[in-house]
Amino acid sequence: METETIKYPEVKNYVDGHFLSNGHQNLEVFSPIDGKVISHVPLSGMKDVDAAVAAGEKAFPAWSAMPIKERVQIFYRYRTLLEKHREELATLVHKENGKTMGESYAEVDKSIELTEFACSLPQLVAGETMEVSKGVECRIERAPLGVVGFITPFNFPNMVPHWAVPNAIVLGNSMILKPSEIVPISAIRMAELLKEAGLPDGVFNLVHGDREVVEAMCDHPGIKALAFVGSTRVAKIVYKRATSSLKRCLALGGAKNHLIVLPDAHTEMTASNVAASMSGCAGQRCMAAAAMVGVGDIDHIVDKLCEEAKKIVVGENLGSVISKEAKERIEAYINEAEKAGAKILVDGRNATVEGNEGGYYVGSTVIDYVTPDMAIAKEEVFGPVISIIRAKDLDEAIDIENSSDYGNAAAVFTQSGGLARYVMEKASAGMIGVNIGVPVPREPFSFGGWNESKFGTCDITGKSSIEFWTQLKKTTTKWNPEARTNWMS
Ligand code: NAD
């Protein structure tokens with residue numbers, strides 16, 4: 001499919017089961033594969049959020065009153081539709097985000113897994129009861145919150161919305177999704193397929209746009225809980241603004257993930273894991289390896305890593321980065337590191353793809369002798385670049401990891417269980433890998449970082465998310481069988 005022939009030339013808000021043309025100013029949507037305009041997205045505001053909240057509130061009483069075992073049936077059907085349209089959904093991700101088709105299929109497969117988890121929620125949310133004294137029973141059950149919102153980033157247009165939408169809706173809420181304005185198209189298919197699966201109108205709504213619509217969602221009193229995934233800069237803004245308008249908020253931010261490599265690590269496995277982690281999805285994953293902290297003599301692993309990195313070729317097994325600005329930012333970090341004395345072992349600057357000269361490409365890049373004070377060591381680069389930082393011993397490596405403002409993921413590569421255990425204990429990150437470069441916890445385990453990679457309690461997926469999308473209702477009941485019924489008392 002050529003980018004010119006994409007099916008959605010105009011992105012529309014989806015409110016109460018209908019796509020609306022709202023006469024707003026539009027932004028152009030580019031395919032990063034070739035830099036061509038593929039669609040237009042409206043910049044919505046408070047009026048549109050108002051309409052979506054009203055639709056959500058209208059749908060909420062009937063939806064939340066439906067037993068969860070019935071609500072979940074819609075998501076069994078939805079899962080089948082995701083599978084049926086897997087190729088089309090992956091192609092949309094490929095076109096609007098620029099990742100390879102293989103990565104796009106993997107993204108849709110992950111959305112299917114997330115939907116399967118949502119289908120298991122009835123088994124996980126059964127309440128509790130106990131007779132706490134003779135004839136008196138306490139009972140706890142989970143109740144939905146009402147209309148809730150979710151704001152998503154550009155890097156997983158299909159999967160990240162599935163982190164929250166199925167769970168929040170199965171748990172009985174109505175949802176307003178605000179997708180990234182850079183990749184707004186996949187969400188349209190999500191709305192269409194949810195409707196086809198039988199979701200009642202108003203339970204799922206879409207509002208598109210950028211800062212203005214996000215601020216409206218933070219401020220709107222009708223939105224009871226707001227989840228956010230994106231950069232730390234915006235996560236802080238959203239968390240502060242949403243909580244100051246007294247709503248529950250969970251805001252996941254950026255990352256700078258350190259992989260600690262010990263000299264005894266398995267050479268081939270480590271090199272291929274590090275290369276895949278730093279370059280998968282063109283390094284635009286919050287779980288991507290950003291820094292490899294080598295302890296002692298790891299030159300043999302660095303050599304193998306360079307060999308692996310050279311096998312990763314733009315336009316073949318390495319997709320584009322999201323925009324011209326992203327390409328310029330990534331290359332500026334590499335230039336700055338080089339100027340500061342780092343050694344570029346594999347250089348991905350100035351990459352192009354024949355036939356797609358207008359696309360935004362950065363080749364896989366390996367930089368050695370990066371020092372912890374360099375910008376490339378501290379800041380989120382979000383490109384297919386690995387910085388190698390040399391440490392004299394394991395404690396120095398752990399200090400380097402611990403000094404990051406972020407704390408999404410960290411990993412250790414070693415054959416020693418004891419040393420792996422030591423890193424597991426000491427690393428300051430929410431998700432730890434042992435001999436795994438992308439330690440994403442799969443369902444039912446939950447996803448979420450520490451430090452400036454996450455603001456708020458709970459995680460965004462898995463069992464932990466149940467807590468975020470529901471509130472506990474505690475009922476104390478007394479049935480006294482000895483008492484006579486006395487209607488006059
Ligand atoms: P971003 O923060 O620029 O945008 C995220 C969302 O915020 C978008 O919907 C956007 O419209 C909105 N937004 C942007 N600027 C805003 C502003 N000033 N005020 C209010 N809203 C605003 O992030 P991005 O560039 O789309 O995505 C990449 C970032 O997301 C990276 O930092 C990456 O690490 C992070 N990310 C984190 C996770 C995680 O789980 N922690 C997962 C995926 C991506």
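N350 lies in the loop between β14 (343–346) and β15 (365–370). Strands here are DSSP runs of E of at least two residues, and helices are runs of H or I of at least four, both numbered from the N terminus. The phi angle of N350 is positive, near 60 degrees, although N350 is a residue other than glycine. The structure is a predicted model, in which local features need pLDDT of at least 70 and side-chain atom pairs count only at pLDDT 80 or more, while totals for chains, interfaces and linings use all residues. Residues are numbered from 1 along each chain as its sequence is written, and side-chain values use heavy atoms, with hydrogens and water left out.

D16 also has a positive phi, of about 55 degrees, and is not a glycine. D16 sits in the loop between β1 (13–15) and β2 (18–20). A further backbone feature is found at P444, where the peptide bond from E443 is cis, with omega near 10 degrees. P444 belongs to the loop between β18 (431–434) and β19 (454–455).

The chain is divided into two parts by an automatic or database domain assignment. Domain 1 covers 13–254 + 449–473, and domain 2 covers 257–434. Their C-alpha centres lie 31 Å apart. Contact was taken as heavy atoms within 4.5 Å. On that basis, 23 residues of domain 1 touch 28 residues of domain 2. Buried area is the accessible area (1.4 Å probe) that two parts lose on being put together, summed over both. Between domain 1 and domain 2 this area is about 2000 Å², and carbon and sulfur atoms give 58% of the total. On the side of domain 1, P32, F154 and W450 lose the most area to domain 2, together 23% of what that side buries.

Side chains of opposite charge can pair when their charged atoms come close. The rule asks for a side-chain nitrogen of Lys or Arg within 4 Å of a carboxyl oxygen of Asp or Glu. The whole structure holds 29 salt bridges. Across the interface of domain 1 and domain 2, the count is zero.

Empty space was examined next. Rolling a probe the size of a water molecule over the atoms shows where such space is left. The search ran on a 1 Å grid over the protein atoms alone: a cavity is a set of points where a 1.4 Å probe fits but cannot get out, a pocket is an open set with protein on both sides within 12 Å along at least five of seven lines, and lining residues have an atom within 4 Å of a point. Grid points are joined across faces, edges and corners, and a volume is the space filled by probe spheres set on the points. For the linings, Ala, Val, Leu, Ile, Met, Phe, Trp, Tyr, Cys and Pro count as nonpolar, Asp, Glu, Lys and Arg as charged, and the others, Gly among them, as polar.

The second largest pocket holds about 250 Å³. It is lined by 14 residues, of which R71, E141, R142, A143 and P144 are the closest to its centre. Two or more lining residues come from each of α1 (46–65), α2 (68–84), β6 (136–144) and β20 (470–478). Strand β6 gives the most, with four residues. The lining of this pocket comprises eight nonpolar, two polar and four charged residues.

Two cavities reach 30 Å³ or more. The largest cavity has a volume of about 130 Å³. Of its 16 lining residues, A288, A289, A290, V381 and F382 are the closest to the centre. β13 (289–295) and β16 (385–391) each give two or more residues to this lining. By class, the lining of the largest cavity has nine nonpolar, four polar and three charged residues.

The second largest cavity contains about 40 Å³ of space. Its lining consists of Y14, A191, L194, K195, L199, P200, D201, G202 and F204. Helix α7 (residues 186–197) gives the most to this lining, with three residues. Six residues of the lining are nonpolar, one is polar and two are charged.
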